[in-house]
Amino acid sequence: MQHSYIKIAGVFVITLMISQLALAKAAGTVTFKTGNVTITHADNTVTPAAKNAELNAGDTVETKDGRVQLSLIDGGKVSLQPNTIYKINKYEFSGKEDGTEYAFTELIKGGLRTVSGLVGHKNRDRYQLKTTAATIGIRGTEFTVNFNDNVLLMTTNHGSVDVCNQAGCLNATTGQSIKVVGGGAPKSSKVGAQAAAAAPSAKAVFAAGDLIDVAALAPAVLPASGTVVSLAIPTGGGTVFNEVFTGDLAYDASNNVTQASSLGKTIKPLNFPSTNFSDGIMTWGQAGAGTSYNGSSIDRLVYIAGAPANPTNLAKLTGTVTYVAFGSSAPFLVSGSSVNTLGPANAVIGTIAINFDKYTYTYNTQIPTTDNGTFNLDGNGGLNATGALAATGTVTNTGTACATGCSGAFGGNLIQGTLFGANGERVGLQYGIDVRSLNGQVYGNAVFR
């Protein structure tokens, strides 16, 4: 039997062949599931995947027509696309990198996007994602993989990834892609891996972290009016304006938002179609230089707009509803008079769990950047009768950005936003992080369903 290998920092490591009969060990949990997702255990028993279901070494997750998100014991996150089979061969972590940790998984077919946890940061040979075409090795990174018909396509979203087989090794850093056909040598690719596979039905379904194909959405009806959550930065000023107001929206012939106005305040033109997104209930995106906010020229603006939630309908909701991120603006840094984009659009991962009996919520959001690691936001707060929310929380960072401290930039709050859709089907929020090491604030927005 041939063995794939990975090369990390000049060291060659033979891939271990893990027995299917290995003793089951807790590897993580299911945090989100939609559709007919199943888990086949090491003893060949099959159970439906459910939220909070425990994952063990030897488990194989098959999404079929669904999607699933996994949270692993070292803090890693994995989002599986439809028609994917993913196996956890061995996953061990004692809470620290002491040489006993392992993260050996396998993508049998399909696609995934992952944000790696602690395993592999120090001992690089302890992390491997295997396919029959090649093995992927990392050190603290984020990447997307598609593997179908014996063709592997991998894109590095952040960090450094090695793709290796017996024909050779190739490294890809942030924004680069690698393709492997059959047993051929890994080669650079101008085509990137897609985080969102073709939808199994005509109805679009999204999962946290998926990259959305805007052209495929083509909603028949766009919001005619709604709540706009916006951030505006005057050119050269560095001051951030945060507005949450109900207004009227205007669109061009291509269904791009061109104007939002309310109570004499007008944002126009929002004529940047490459950064305008919609799912039919709400629309979101960002505009750059040339946009006017209330008569003043601004450097950057991110916005969310959609039909506002009906308070009467919200009052009828009971229990806890979990919303999952499926779209976002690109995060950007405001430092003095400069504004710089830090990462890609539609890359935020996270959930907001709202208890409609108590009108409280908890949130967990991960915001990946290109060069400053991932910002992890956690907190809780109260929801008012109209669906508005704002909360403090804690911030950690997978890099060094928060080494000297990070905090909320909205008067101490990390997030603010509101529910959208007549029955509160969506949540739109904006985040603001005061990052001392970067001498500025990181802003952006995200939408949840």
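This is a predicted model: local features need pLDDT of at least 70, side-chain atom pairs count only at pLDDT 80 or more; totals for chains, interfaces and linings use all residues.

Visitor: How many helices and strands does the secondary structure of the protein come to?

Guide: The protein has 2 helices and 39 strands. Of its 449 residues, 53% count as buried, and the accessible surface comes to about 17900 Å², with 51% of that belonging to carbon and sulfur atoms. Taking contacts between residues at least 6 apart in sequence, 54% join residues at least 24 apart.

Visitor: Which residues have the most contacts inside the largest nonpolar core?

Guide: That core has 37 residues, and those with the most contacts inside it are Y86, I136, F143, V145, M154 and V163. Leaving out residues up to four places away in sequence, F143 touches a list of residues that includes L112, T114, Y127, L129, I136, I138 and M154. There is also a second, separate core of 35 residues, which includes L314, L342, V348 and I352. In soluble globular proteins, nonpolar side chains tend to be buried together.

Visitor: Why does T365 count as buried?

Guide: T365 has a relative accessibility of 3%, and the label of buried is given under 20%, so T365 counts as buried. T365 is found in strand 32 (residues 360-368), and, not counting residues up to four places away in sequence, T365 touches V348, I349, G350, F375, N376, L377 and F448.

Visitor: What makes E54 partly exposed?

Guide: The relative accessible area of E54 is 47%, whereas buried requires a value under 20% and exposed a value over 50%, so E54 falls in between and is called partly exposed. The place of E54 is in strand 6 (residues 54-56), and, leaving aside neighbours within four places in sequence, E54 is in contact with A26, G28, T29 and D59. E54 and G28 are 26 residues apart in sequence, and their C-alpha atoms are 6.0 Å apart in space.

Visitor: Why is N44 called exposed?

Guide: N44 has a relative accessible area of 62%, and the cut-off for exposed is over 50%, so N44 is exposed. N44 sits in the loop between strand 4 (38-40) and strand 5 (46-48), and N44 has a positive phi of about 75° although it is not a glycine.

Visitor: How do you know that N439 counts as exposed?

Guide: The relative accessibility of N439 is 60%, and exposed is a label for values over 50%, so N439 counts as exposed. N439 is found in the loop between strand 38 (426-435) and strand 39 (440-448), and phi of N439 is near 55°, a positive value in a residue other than glycine.

Conventions
Residues are numbered from 1 along each chain as its sequence is written. Side-chain values use heavy atoms; hydrogens and water are left out. Helices (H or I, at least four residues) and strands (E, at least two) are DSSP runs, numbered from the N terminus. Buried means under 20% relative accessible area, exposed over 50%, partly exposed in between (1.4 Å probe, protein chains only). Contact means heavy atoms within 4.5 Å. Accessible areas come from the Shrake-Rupley method with a 1.4 Å probe; for residues, only the protein chains shown count as cover. A nonpolar core is a set of buried Ala, Val, Leu, Ile, Met, Phe, Trp, Tyr and Cys residues joined through side-chain atoms within 4.5 Å.
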